[in-house]
Amino acid sequence: MSDRLPEITHLQFAVLSHLQLGHVRGRDLRRELARRGVRRTLAAFYQMMGRLEEAGLVEGWYDQKVIDGQLIKERCYRITPAGKKACARAYAFYSALGARAFNRA
Amino acid sequence: MRNLAIRLARRLTPSGAEAILEPAIADYLSGRAERPRATGMARAAGGIADAVAILWIALDTQRVFRRSRYRVSDEPPGRSGAVLRMDDVRQAFRILFRRPAFAATAILLIAVASGANGAVLSVVRGVMLKPLPYSDPDRLVAFWPGQFVSNEEIGYWRDHTASFAEIAAASPGWMMSLVASGYEPLKVTGERTSGNFFTALGVRAARGRTLLPGDARPGAPRVAVLTDALFTRHFNRDETVIGRTVVLDGEPHEIVGVMPPLFEFLRPDTDLWAPLPFDPAAPNHRATFSEAFARLKSGVTSDAATRELRDLAARMRSDLGKPQEWGQTLAVQSLKDSMTAELRTTLLILVGAVGFVLVLAAVNLATLALNRSMERAPEIAIRAAIGASRTGLVRQLLIEHATLAACGSALGLLLAWAALPIIVARIPPEIPRQGEIALDVTVFLTVLAVTIVLASAIAFGPILVMARPRMQFVLRQGQSTEPRGRVRALGVLIAAQIAVAVVLGIGAALMVRTVWNLQHVDPGFRADRVLTFRLQTTSAYRDFSKGLTYLEEVVERVRALPGVQTVGAIQHVPLSGYNWTATVHPVEKPPAPGAAVPRATWRFIGWDYFHAMTIPLKAGRFFTAADSTNAPPVVIVNEAFARREYGSAQAALGRRLRMSTGRGTADGEIVGVTGDVRYLSLDVEPGAEFYAPLAQTFMFPMAIVVRTSVPPEQLAPVIRRTAYAIDRTVPVAELQPLETLLADTLARPRLLSLLLTVFAGAGLLITMVGVYGVVAYRVRQREREFGIRMALGATPGRLSGLVLRHSAMFAIAGIGLALPAAWFLTRGMESVLFGIAARDPISFSVLPAVVMLVTLAAAWLPARRASRIDPVVSMRGE
């Protein structure tokens, strides 16, 4: 295990971990984060997702659907292979760190 | 509005930030689409809320985008994304209170408007919007609203319909004497109800029990349930009252329970409830004196229930022997709607008026904001020059206005809280649910939110103009004429204020004239120097000869008092709200079989009633002592009746009428015709009426009418003593001058008129402040121009004329906007107006003239200043 800190924050780790389960709507992802106590404004959330897209860790696209006669576009996200790697690295780092700390204790 | 906000949001967003804005807006809209679709006003309000939310997202996008662009790994973990931070609010306070006069004016404006809104919304919510305090109130419906029905009809519906879980009834306005040992005898107003009255409403007693279905069975022990008010007022909340037997209208009744404080049904003046026995053998089984209501079965709609009733009507007509026209209007209506139907127009007018005052205050705030933008132009331009983004400036200015609005509305709500008891004290007592009027959290938050959103939204336009700083203009230190856009925006805002003031003024003028007309309508009698009271005789006097002897003694003794001129009696005095009707037709003109028999109001009177009330005799004679119990039956009709049946007063004399009251059918000869009297209400034209002499009718607790030669209040104590000296157990109730009763009937239009006048006055004052502010500011801006004009030979009169002409242009534009709006809006007031058209040409011409004068008066001081400008001083800056 590398001793270097992972290149993603714990919040991004949470996002990528959730995306490992499959592609989701931005709205649902935001709800999931809110459930975990992370409340962000719409703009702040989509800025974070934009950065993850720019870094190539997630892929985003618009999904169109009609709800109650209105055409609604929604941003959906899926994790990329690079995202999976980053997530795995972070997972390994935290697991090893935790194991070491708790074994010593 | 939503699409407009999206377009505006896109324009506000710097390039590169679309990747944040677009999914954020899509996310918001997707959330909206998942909620149920609103309709009507809620939809319009939702549109405004969407627009505000989208603009907020745009501002937030700006904020997060402007932050330094971290690498993905530098994302600050868990940092709050709040759009509004305490720093912003602190800064807003600092900036605002640098100019305390501006802040104080703006806060006061908003306070007045939101205070008025808070008070009126509290009343509207308490009376009209709160759910009824009954179990599952949405399933309760008024049964044939506006019609009284009989026990026979209720029984038929119970047996033949399937839509209703319960059908119950209450017969209101039973005046009774209440005698309990150890307490003064008291006249109370009771409701006789069906046994399932309380179970249908799904309510429980606060103490003891409510009436139960078994209590209305013939021969069941007599019981009564008290209101909390009577329990407090008369019995001093003595718990031992429950289970005690009191004498109610001469019959012993056991008090079985006391209802909770806020419980009332349809009218607030009820003191107690007692069962109305459901007895097909009783003579009053077919008497129509109950108001029915029902609880719909689960899943049944009002429309379906109405259809069922209408389908049943034909069979019911034939089974119960009803005339052909009976049941044509059968319907059910939500109980809450039927309770507030009569008040809805009045309350909506008030909500509209206070809404206008709020809009006026918000527009005024926008005007002040725009004015102030000129003063703050250097500051804003410098902030822009050192890197502040336009969005950031807009955001800061919006926060400043929202802060002002929040301070103003908080102060206003304090004002509303203080004013509410004063308003409630002036509300006429017949208005239901007054106990539920309170400035509660819902009203508080609604007013706070609406004020902040409205004030910020209206200020948004000027703020956008303001946040476009022009360095060139700043460098010239304002020594130029201001940008045209701002001048135009100021003009529009002032014209809008004038328009709102004119609309409010016209509404108030219509109501003031309505009250004036009502005060000057001829009621058909003279109310001055007349004292009235009721003798709520008990069953001890039910025997006619005994009752008449008692009344005769009271009348004789009262007549002998110094200061008394004449004394008369009637079952209910005019304008007391009671109206008895009977079917009546000329003997020689019987109605066709199956056709409805004409109806008329009937009254029985005694002694010198017509003289005491000064009701004129148009033909024939009044009743005399000779029209006694054993004499041939006689009647007196009013002019409306004589006209309807015979064409004229003279033609009616000597003709015979066949009258069917609840007590049987009888014929009588018309011996006189009197003038018409407005018995029901001052705004209702008198209908056909006939009078019978008390001696030829039956015993009933009577109202005594005393014409005095001294102020009537002076005689009240001595009359009470005189009546009690004859029989201490008969309550002397409603002892008051007739003029008080007359004034009480005007309470509702008078209150509406007063409130509208206050709002219109506030509107005019706000407009005057607005006009003054703008004109004074424009004169300041044009000082140099005026100096040059003066140097070139313009006279002071010409310059002040120029300023006044500009102000008059604002007023003309505002009036031009207002007249079509008022033309449309006053149509909604038609039902509360009397003796005046909703499009009254006088109100529509005088009010604009008044507003024009007020505008010119507000502009006069700045105009005077313009005429005194010294050309040398004004041009020294060059």
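## Salt bridges

Across all chains, the structure holds 35 salt bridges, a salt bridge being a side-chain nitrogen of Lys or Arg within 4 Å of a carboxyl oxygen of Asp or Glu. This is a predicted model, in which local features need pLDDT of at least 70, side-chain atom pairs count only at pLDDT 80 or more, and totals for chains, interfaces and linings use all residues. Residues are numbered from 1 along each chain as its sequence is written, chains are lettered from A and ligands numbered from 1 in the order in which they are written, and side-chain values use heavy atoms, with hydrogens and water left out.

In chain A, A:E59 bridges to A:R78, with 3.2 Å between the closest N and O atoms. This pair links distant parts of the chain, 19 residues apart: A:E59 sits in strand β2 (residues 58-67) of chain A and A:R78 in strand β3 (residues 70-79) of chain A. Here helices (H or I, at least four residues) and strands (E, at least two) are DSSP runs, numbered from the N terminus. A:E59 is partly exposed at 37% relative accessible area, and A:R78 is partly exposed at 34%; on this scale buried means under 20% relative accessible area, exposed over 50%, and partly exposed in between (1.4 Å probe, protein chains only).

## Bridges in chain B

B:R207 and B:E239 meet through their side chains in a salt bridge of 2.7 Å, N to O. B:R207 is in strand β4 (residues 207-208) of chain B and B:E239 in the loop between α8 (228-233) and β6 (245-248) of chain B, so this bridge ties together parts 32 residues apart in sequence. Both ends are partly exposed: B:R207 has a relative accessible area of 22% and B:E239 one of 44%.

For a buried example, turn to B:E689 and B:R603. Their side chains form a salt bridge at 3.2 Å, N to O. Strand β19 (residues 689-693) of chain B holds B:E689 and strand β14 (residues 599-607) of chain B holds B:R603, so the pair ties together parts that are 86 residues apart in sequence.

## Aromatic pairs

Over all chains there are 23 aromatic pairs. Rings of Phe, Tyr and Trp (its six-membered ring) pair if their centres lie within 6.5 Å; planes under 30 degrees apart count as stacked, over 60 as edge-to-face and the rest as tilted. With ring centres 5.3 Å apart and planes at 65 degrees, B:F263 and B:W273 are edge-to-face. B:F263 lies in the loop between β7 (251-258) and β8 (272-275) of chain B, while B:W273 lies in strand β8 of chain B, so the pair ties together parts 10 residues apart in sequence. B:F263 is buried at 8% relative accessible area, and B:W273 is buried at 1%.

Another edge-to-face pair joins B:W823 and B:F844, at 5.7 Å centre to centre and 85 degrees between the planes. B:W823 is in helix α23 (residues 796-825) of chain B and B:F844 in helix α24 (residues 841-867) of chain B, so the pair ties together parts that are 21 residues apart in sequence. B:W823 counts as partly exposed at 44% relative accessibility, whereas B:F844 counts as buried at 10%.

## A buried helix in chain A

Helix α3 (residues 42-54) of chain A has 13 residues, which at 1.5 Å a residue should span 18 Å; its end C-alpha atoms are 18 Å apart, which agrees. The expected span is 1.5 Å times one less than the number of residues. Of the 13 residues of α3(A), 11 are buried, so the helix is largely enclosed by the rest of the structure. Among them are A:F45, A:Y46 and A:R51. Just after α3(A), A:G56 takes a positive phi of about 75 degrees.

## Confidence

The model scores ipTM 0.88 and pTM 0.64. Chain B has a mean pLDDT of 81, with 91% of its residues at 70 or more; pLDDT is the predictor's confidence in each residue, from 0 to 100. Among the elements of chain B, strand β5 (residues 223-226) has the highest mean pLDDT (93) and helix α13 (residues 471-475) the lowest (54).

Over residues 68-82 of chain B, pLDDT stays under 50, and the model has 26 contacts for them beyond four places in sequence, a contact meaning heavy atoms within 4.5 Å. Where pLDDT is low, the predicted coordinates should not be read in detail.
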